[in-house]
Amino acid sequence: MARTFVLWLHGLGDSGPANEPIKTFFTSPAFRNTTWAFPSAPSNPVTCNYGAIMPSWFDIHEIPISATSPKDESSVLKAVQKVHAMIDKELAGGTNPENVFVCGFSQGGALTLASVLLYPKTLGGGAVFSGWVPFGSSSIIERITPEAKRTPILWSHGVTDQTVFFEAGQAGPPFLHQLGVSCEFKAYPGLGHSISNEELRSLESWIKTRLKSSS
């Protein structure tokens, strides 16, 4: 069975270890040879929280986040470099890039999207939970390679989310469609700013159907 790598990026103020129970939802034998990584964001001042220092992948200027919220693209790009280094290390160990899946919640979901779109190779997929599009500059969009555009995206968002508004999530698929990126969008009625068991079960089956048997 080929090796699989799943990288999970947590939300603002959270930690990697606190999210490790997520892997218990992946009970299929297809995940027997899966390496999981739950990195923790560095501590940084966060503008939307009056400069308070907390675990944060990049700066956020306002909360709640809408489709038109300002984007701190330079700090997003710095965070993307860190994620790319983690992926590069896994590929150097022999993992097929198409068996690499990046997933994230909220700020981690936004970083997931930026990381897979700006990675030069086709990956297995990117899964965005309650996230948003964290960049929009043409100079960044021009860096997205044809290979990256072949990485599929799963986007899940709670309809009653009051932290990252549902409309911020809804702006994702049209943005991706314009780039020629395949995106499956799932709306979860009654779900606020959190991850449901239903979403994780859906993620398990989504990844399972995309696993490549040869390494």
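Student: On what basis are residues numbered, and what pLDDT do local features need?
Tutor: Residues are numbered from 1 along each chain as its sequence is written, and side-chain values use heavy atoms, with hydrogens and water left out. In this predicted model, side-chain atom pairs count only at pLDDT 80 or more, totals for chains, interfaces and linings use all residues, and local features need pLDDT of at least 70.

Student: In what order do the six strands of the open sheet stand?
Tutor: Helices (H or I, at least four residues) and strands (E, at least two) are DSSP runs, numbered from the N terminus. Two strands pair if DSSP finds at least two bridges between them. In the open sheet the pairing is parallel, and the order is β2-β1-β5-β6-β7-β8.

Student: Which are the edge strands of this sheet?
Tutor: An edge strand here pairs on one side only. β8 does pair with β7, in the parallel sense and over six bridges. The edge strands are β2 (34–37) and β8.

Student: Which residue of β8 is the bridge partner of G158?
Tutor: The pairing of β7 with β8 is parallel. Within β8, the partner of G158 is Y188.

Student: What angle does the direction of helix α2 make with that of β5?
Tutor: Helix α2 (residues 107–117) packs on the sheet and is in contact (heavy atoms within 4.5 Å) with β1, β5, β6 and β7. Axes are lines fitted to C-alpha atoms, for helices over the stretch in contact, and angles run from 0 to 180 degrees between N-to-C directions. The angle between α2 and β5 is about 150°.

Student: How far does helix α1 reach from its first C-alpha to its last?
Tutor: The expected span of a helix is 1.5 Å times one less than its number of residues. Helix α1 (residues 73–92) has 20 residues, and the expected value is 28 Å. The model is close to this, with a reach of 28 Å.

Student: Which elements cover the buried residues of α1?
Tutor: Buried means under 20% relative accessible area, exposed over 50%, and partly exposed in between (1.4 Å probe, protein chains only). The buried residues of α1 include V76, V80, V83 and I87. Among the elements that cover the buried residues of α1 are β1, β2, β5, α2 and α3 (138–141).

Student: How many residues lie between β3 and β4 in their hairpin?
Tutor: Strand β3 (residues 43–46) and strand β4 (residues 52–55) pair in the antiparallel sense over four bridges, and P45 stands opposite I53. In the turn, Y50 has a positive phi of about 60°. The number of residues between the two strands is five.

Student: How many residues apart in sequence are the parts tied together by E98 and K212?
Tutor: The side chains of E98 and K212 meet in a salt bridge of 3.6 Å, N to O. E98 lies in the loop between α1 and β5, and K212 lies in the segment after α6, so the parts tied together are apart in sequence by 114 residues.

Definitions and conventions:
A salt bridge is a side-chain nitrogen of Lys or Arg within 4 Å of a carboxyl oxygen of Asp or Glu.
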